[in-house]
Amino acid sequence: MLVSLYIKNFALIDELRIEFGPGFNVVTGETGSGKSVVLQALQLALGARADGVSFYNPDAKCVLELEIAISSQYKQWFDQNELDYDKQTIIRREMGKTQKSRIFINDTPVKQAVLNQLTDKLFSFHSQNESYSFLKNAEQLDFLDEQAGQKVLVDDYRKKYRSYKALNDEYEVLRDRSEEMEREWAYQQHLKSELDALHLEQIDQEDLERRYEILSQSEKIQSIIDELNALFESEPYGLNEQLRQAQRLSSSLVKASESFSEINNRMQSLVIEAQDLYIEINQSLESINLEPNALEEVSALLSELHRLQQKHGVGTVEELKVKRNAFASSLGEDGSYADRIKALEEALLKAGKELVPIARNISDVRKKAATALSSSIETVLSSLEMPGSRIAIEVCENEELGASGINEVNFKFQANKGSDLLDLKKVVSGGELSRLALAIQYIKGETNTIPTQVFDEIDTGVSGQVAERVAQLFEAMGARNQLLVITHLPQVAAKGAVHLKVYKEESKGRVNTRVVQLTENTRQEEIASMIEGNNPSKTALSHARTLLTRH
């Protein structure tokens, strides 16, 4: 139950505390007095989005604080969210023009989503817009499921259906694009085959480019080596023969004197080095492989390597390997798109078989609940001066599964005896819609566990005896839950257990919105003003006393 609301530095309010009571709280005030400002402050304190908030003083922060009496049945939620439970829980929200919104539950900072989890359990808001939203078939279906007591089953079905729908969406995309995807799959297979054909593990690109450079100069290299061989082997004075002759002479020097041993040693080394050099030159020529087709093979391999590197936007063999492995992985996971489509078809068939019996069960319960719910609504409408009205709830079945099962629900309405039952949205008037919306909330309240309900001028469009019936219905609802009702109807205002008046006053050149809890005398004057306007007559005051006496 809402105990109090403290507002500081918000819109037209500098500072204000509002005390609420149990049961039926009524809020009145002239148009433009600030009722919507108070309601907005309450909604913000409960976790609504803070878009376009105005401040009484733009340089100061806004503080909204709620005191709520919370029963111990909610203690488990506090424990799960690691928050201190208190029977008198304080919710505080601080906002500033240049600072982020800060939210506290019993002085512990929390995120907005956490606050919403709690307040959604404690408060519900109903407005004129909500009345019109009930004209939508989806809202009617949710109401029927709620009254049928199968919200949990429907929510479970919807969860399974979302998975089914995701499979179906993927299936339709693949089916629509199957030819394109098969071409893409084939193209990836072609790209991988091109890279496989290179045998990348066997390629050393630097060595390959070095071989190409040598082979492309093979004739010149052969000619130079031939000339070197001629220098070494030419008769009678080739380099080899001359070095052997020099070695024999250096050996003779040593025989003549040991002092020439070092020269002899160096000469021997020179002969050995020359022999090694000669052998190495010829071995190098043999390793080059100067066969006629060698250059062509190396050139073709290098050309294909460069082509694929350019095609794939890479510069090394290692990067080509990465590309090839990526194609292999993709092809291995995806397989043929025809295979994937077949697998999805099988998964869809299985998921559909699981959903159909659940949907049929939900449909059977809806059909049974529709009759009882129609009767309940008609009973409440009769009490609201609509005795000739009828409600028929059509529950139709579709062949295909939908987000809410296999049903479409349509509320049909007859305002007066003898008229036809037609779609609700086509025949209901503004006043009739207000009473229907109130009847629906009354029926919801019979099983509703939400402690506090807020109604924002939901009684618009009714007057006279109907207004009296609406007031009685609010009074009955207030006996079950705490009600906050913003109204312009004096009949409704007179039934409230607590009467709050919203008004404006000017102080120091500023207009402020104020809220006061009316006493018995001031309440009579307020209700008389609602009947006749400012400065009400004795007749209006007498009428106000009568309304209060009925209460």
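Tutor: A cavity is a set of points where a 1.4 Å probe fits but cannot get out, and with that idea in hand we can go through this structure, which is a predicted model.

Student: Which residues lie nearest the centre of the largest cavity?

Tutor: Of the 13 residues that line the largest cavity, Phe-20, Val-27, Val-38, Leu-484 and Ile-486 lie nearest its centre. By class, the lining is made up of 12 nonpolar residues and one charged residue, with no polar ones.

Student: Which elements each supply at least two residues of that lining?

Tutor: They are helix H1 (35-45), strand S13 (482-486) and strand S14 (498-507), and among the contributors H1 gives the most, with four residues.

Student: How should I read a pocket, and what is the volume of the largest pocket here?

Tutor: Unlike a cavity, a pocket is an open set of points. The largest pocket in this model has a volume of about 290 Å³, and of the 10 residues in its lining, Asp-120, Ser-124, His-126, Asn-448 and Ile-450 lie nearest the centre.

Student: Where does the largest share of the lining of the largest pocket come from?

Tutor: Strand S8 provides that share, with three residues; S8 (123-127) and helix H16 (430-447) each supply at least two residues of the lining. By class, the lining of the largest pocket divides into two nonpolar, four polar and four charged residues.

Student: Where is Glu-82 found, and is Glu-82 buried or exposed?

Tutor: Glu-82 is in the loop that runs between helix H2 (75-80) and strand S5 (88-95). Its relative accessible area is 72%, and because the class "exposed" begins over 50%, Glu-82 counts as exposed.

Student: Where is His-199 found, and what is its relative accessibility?

Tutor: His-199 is in the loop between helix H7 (178-197) and helix H8 (205-215). Its relative accessibility is 47%, and since "buried" means under 20% and "exposed" over 50%, His-199 is classed as partly exposed.

How values were computed. Residues numbered from 1 in each chain as written. Predicted model: local features only at pLDDT ≥ 70, side-chain atom pairs only at ≥ 80, totals over all residues. Heavy atoms only, no water. Buried < 20%, exposed > 50% of the residue type's maximum accessible area, 1.4 Å probe, protein only. 1 Å grid on protein atoms, 1.4 Å probe; cavity = no way out; pocket = protein on both sides within 12 Å on 5 of 7 lines; lining within 4 Å. Nonpolar A, V, L, I, M, F, W, Y, C, P; charged D, E, K, R; others polar. Points joined across faces, edges and corners; volume = space filled by probe spheres on them.
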